[in-house]
Amino acid sequence: MPSADTNAITSDLQLVKAIRSADQAAIAALYDRYSSIVYSVALRVLQDTGAAEDVLQEVFMQLWRNPEAFDASRGNMAAWLAVIARNRAIDCLRRRRPENDIEDAVVSVEHDLVSETDRSRTIEKVRGALQAMPAPQRSALEMAYFEGLTHSEIAGKTGEPLGTIKTRIRTGLLALRKVLAA
Amino acid sequence: MRVHEQFAEDLALYALGSLDGAERRALEEHLDECVSCRRELELLRGDLSLLALTTAGPKPPARARQRLLSAVAHEPRRPVAAHASERRQRSWWSSVGWPALRWTAAVALVVVGIGLLRQNSTLQQDLASLRALFIDQGSRLEQANQIVATLLDPDATKIELVAVGNKPQPRGKAIYQRRNRNLIFFASNLPPLPAEKIYELWLFPANGGAPIAAGLFKPDARGSATVVNPPLPEGVEAKNFAVTLEPESGSHESPRGTPVIVGVGE
């Protein structure tokens, strides 16, 4: 008897496979499952509902046009879509042409994110890790990830040395990984 | 496999898209050659995707769903089975950083790669085999990564063996797959190029047609060179391959220069 998680894995893969066969109902089903994640990420980055809707539309149209870009052996659909949405939103924020091809978005997630329950548990851990970080560290990480600033731009904005920003970001990511591994 | 500590901070910034300038270029050059740092980059991106998932917000408005479905209906796509996966295969090969490879060991990689492709085709069948194949594929990928890591390790000892008393002679090996127009060519011990000259690889069709230009290349200081997936016409069966010494712009239409190495068949 397959578990709920197994069913969910199969279902995502089956839906991607169905998109390859031009099944419009399959893209609708994936939208219903993951549109909140994509929209939330885009909204967090862009702080504008109209622009976030545009990113939402673009991300799912890219999936419709190029379902093969999702490599199930290397990632998880929720994480992959979140990364695609973040990258596209940053491109929009910085008013630049798309720099990130969705085929290049290789995301290796070693945590179980398939079921809602597992996803919520992992997200709570990440939120806890962010809260536990010193404020300047959390801020550097968020400026880089959600505002798309380069390390030199963060250094310019905060008045901190470049090396300090680099170390804060690296240490922040290590802290995140440590909490997730626990 | 360990991440190179001197790149650890830059890798974190790169995963965020926050590394710029010369540091970014230096890291990208290193990533071309370092499997363990590429793997760490994937893991960092995985960690960061979890950061993205923390952004709980309102659901998108209902009109967004309608907008998507309307766009999808106006953009019907043809069912696709194979082309995209072939494209991905090519881009993987071209991203591995072949110039440092020796052909003998690369053959082993090709064998592993073909094994993976076969597995991918059976992946569609049923749920039970799906999970088993994932596990098997993961271990084969890891095996392939290990091989690439060894091949690309600048500290690895690389020595070509020849018969005792013989000087190393120029040699090459072409591996050609007509169906997908995939061609991988490795050469070693090529003499240094004279001024304003270049080597050119040629494919000789089995039907006796004119030779087809399959890439210009320059060997490295040790006389080694690689050509990966040059543009080739569809469906050409190859009878033989040869390398000639040509003017720097190449000959393209037909070989005019001196033959350097020619195929002897398998």
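In chain A of this predicted model, A:Ile27, A:Leu30, A:Tyr31, A:Ser35, A:Val38, A:Tyr39, A:Ala42, A:Leu43 and A:Leu46 of H2(A) meet A:Thr49, A:Ala51, A:Ala52, A:Val55, A:Leu56, A:Val59, A:Phe60, A:Leu63 and A:Trp64 of H3(A). Contact here means that the C-beta atoms of two residues, placed from the backbone, lie within 7 Å. By class, this contact has 16 nonpolar, two polar and no charged residues. Nonpolar covers Ala, Val, Leu, Ile, Met, Phe, Trp, Tyr, Cys and Pro; charged covers Asp, Glu, Lys and Arg; the others, Gly among them, are polar.

A few notes on reading what follows. Residues are numbered from 1 along each chain as its sequence is written, while chains are lettered from A and ligands numbered from 1 in the order in which they are written. As this is a predicted model, local features need pLDDT of at least 70 and side-chain atom pairs count only at pLDDT 80 or more, whereas totals for chains, interfaces and linings use all residues.

**Helix pairs in chain A**

- Helix H2 (residues 24-46) and helix H3 (residues 49-65) of chain A have axes that come within 8 Å and cross at roughly 140°; helices (H or I, at least four residues) and strands (E, at least two) are DSSP runs numbered from the N terminus.
- Axes are lines fitted to C-alpha atoms, for helices over the stretch in contact, and angles run from 0 to 180 degrees between N-to-C directions.
- H2(A) and H3(A) are therefore oblique to each other, given that angles under 35 degrees count as roughly parallel, over 145 as roughly antiparallel, 65 to 115 as roughly perpendicular and the rest as oblique.
- Helix H6 (residues 135-146) and helix H8 (residues 162-181) of chain A pack at about 90°, with axes 9 Å apart, which makes H6(A) roughly perpendicular to H8(A).
- Among the residues making this second contact are A:Pro136 and A:Leu141 of H6(A) and A:Ile165 and A:Ile169 of H8(A).
- The H6(A) contact with H8(A) has six nonpolar, three polar and two charged residues.

**Where chains A and B touch**

- Chain B gives 47 residues to the contact and chain A gives 58.
- H3(B) supplies the largest share of the chain B side, twelve residues.
- That side of chain B divides into 26 nonpolar, ten polar and eleven charged residues.

**Helix H1 of chain B**

- H1(B) is mostly covered, with eight of its nine residues buried (20 or more other C-beta atoms within 10 Å of the residue's own, all placed from the backbone).
- The buried residues of H1(B) pack against H6, H7 (151-158) and H8 of chain A, together with H2 (21-33) and H3 of chain B.
- Just after H1(B), B:Gly17 takes a positive phi of about 75°.

**Sheets in chain B**

- Three strands form an open antiparallel sheet in the order S1-S2-S5, where strands pair if DSSP finds at least two bridges between them.
- The edge strands here are S1 (171-177) and S5 (225-228), each pairing on one side only.
- Neighbouring strands of this sheet are turned by 5° on average, direction ignored.
- Strand S2 (residues 182-188) is joined to S5(B) by four bridges, and B:Ile184 stands opposite B:Val228.
- A second open antiparallel sheet has four strands in the order S4-S3-S6-S7, and its twist averages 30° from one strand to the next.
- Strand S6 (residues 238-247) and S7(B) pair over four bridges, with B:Leu245 opposite B:Thr258.

Key:
Buried ≥ 20, exposed ≤ 12 C-beta atoms within 10 Å, placed from the backbone.
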